[in-house]
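Please read the notes below with the sequence and the model side by side. They are meant for someone who has not seen this structure before.

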Amino acid sequence: MDKKVSVIGAGMVGGTCAQRLAEKELCDVVLVDIIDGLPEGKALDLAEAAPIEGHDAHLTGSSKGYEATAGSDIIIITSGVPRKPGMSRDDLLGINSKIMKDVVSKTAPLSPNAIIIVVANPLDAMCHVAFETSGFPKNRVMGMAGALDSARFRCFIAEELNVSVECINAFVLGGHGDTMVPLPRYSTVAGIPITELISKEKIDAMCDRTANGGAEIVKLLKTGSAFYATASGAVVMAESILKDKKMIIPCATYLEGEYGINNLFVGVPVKLGLNGVEEIIEIKLTAEEEAGLKKSAAAVQDLVDAMAKL
Ligand code: APR
């Protein structure tokens, strides 16, 4: 393939990202992890599935260093510790910020033109670490949250209305946490706002389920957090970038005044193309929505401040 994506962390999310990237034939994939043999084993297993799946993506694994990642177009960072039941994403701050710093300081110099997609949690705070450590411009560092959160919302809407997920669009703004802001007004079924089709009570319940969607899965899995949909979210962002599709996807993006928020990674709709975040889409919010977004941004700011004291 003429594109190369490195996936750092070959665990549940990383392994699934590698699988989806390869099976969609988007790029060659390099998997990296600190666990001896894990990325090599997963890469080989996926390569051996390729004749059946019918793709020619080349997969490499490395637990010995980062050389193989050199010249990547995209670096997807999933390395970190996932949540256990009862833990919030924020509980991962200390350990995952150290891992993020380590990984970015090793990968960024080898791929100076890459685009970084952060997946490790707490997502928005980890974007700050990746941004500062890499020194990359803001259009080339982003976080995967809204793609997943809006997919969850779309899934619940489809179930409620018994219609295809494909005709549903949904928007979720804010940080990747309990304070995220699903936007029913901008969530549609074949262009019809869901507010025309579903009662307020049911919409409120779906918004709540979306905001707590990660915790719902953690509670069920007991030994890890969501990974299928998480990987899908990262891969759709990579696809839009690699193919220069210019999809509009909610992503954690560095804001400098947009939505009245400054110097903070917060989830807003952006246009994703070859240059990464090519445009930040500002939509008009009601007072209530704006208050929700500000609250969400304040929660992200608290984490960034807490990191500075670590
Ligand atoms: N360098 C490379 N890999 C690392 C490092 C490091 N410094 N530290 C940890 N890892 C690897 C682990 O060895 C593990 O294989 O990251 C991998 C993480 O995989 P899982 O434990 O399976 O976690 P996963 O479910 O994939 O979640 C990863 O994504 O959604 C978020 O909250 C989640 O922060 C978590 C991340």
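Predicted model: local features only at pLDDT ≥ 70, side-chain atom pairs only at ≥ 80, totals over all residues.

1. Residues are numbered from 1 along each chain as its sequence is written, and side-chain values use heavy atoms, with hydrogens and water left out.

2. The ligand is surrounded by 23 residues, counted when one of their heavy atoms lies within 4 Å of it, and the closest are Met 12, Val 13, Asp 33, Thr 78 and Asn 121. By class, this shell holds twelve nonpolar, nine polar and two charged residues, where Asp, Glu, Lys and Arg count as charged, Ala, Val, Leu, Ile, Met, Phe, Trp, Tyr, Cys and Pro as nonpolar, and the others, Gly among them, as polar.

3. Polar contacts here are pairs of N or O atoms within 3.5 Å. A ligand oxygen atom is 2.8 Å from a polar backbone atom of Val 13, and a ligand nitrogen atom is 3.5 Å from an N or O atom in the side chain of Asp 102.

4. Taken alone the ligand exposes 730 Å², of which the protein buries 89%, with areas from the Shrake-Rupley method and a 1.4 Å probe.

5. Lys 222 is exposed, at a relative accessible area of 56%, where exposed means over 50% (1.4 Å probe, protein chains only). Lys 222 and Gly 86 are 136 residues apart in sequence, yet their C-alpha atoms are 9.6 Å apart in space.

Terms used: Buried < 20%, exposed > 50% of the residue type's maximum accessible area, 1.4 Å probe, protein only. Polar contact = N/O pair within 3.5 Å; in protein donor to acceptor, adjacent residues only side chain to side chain.
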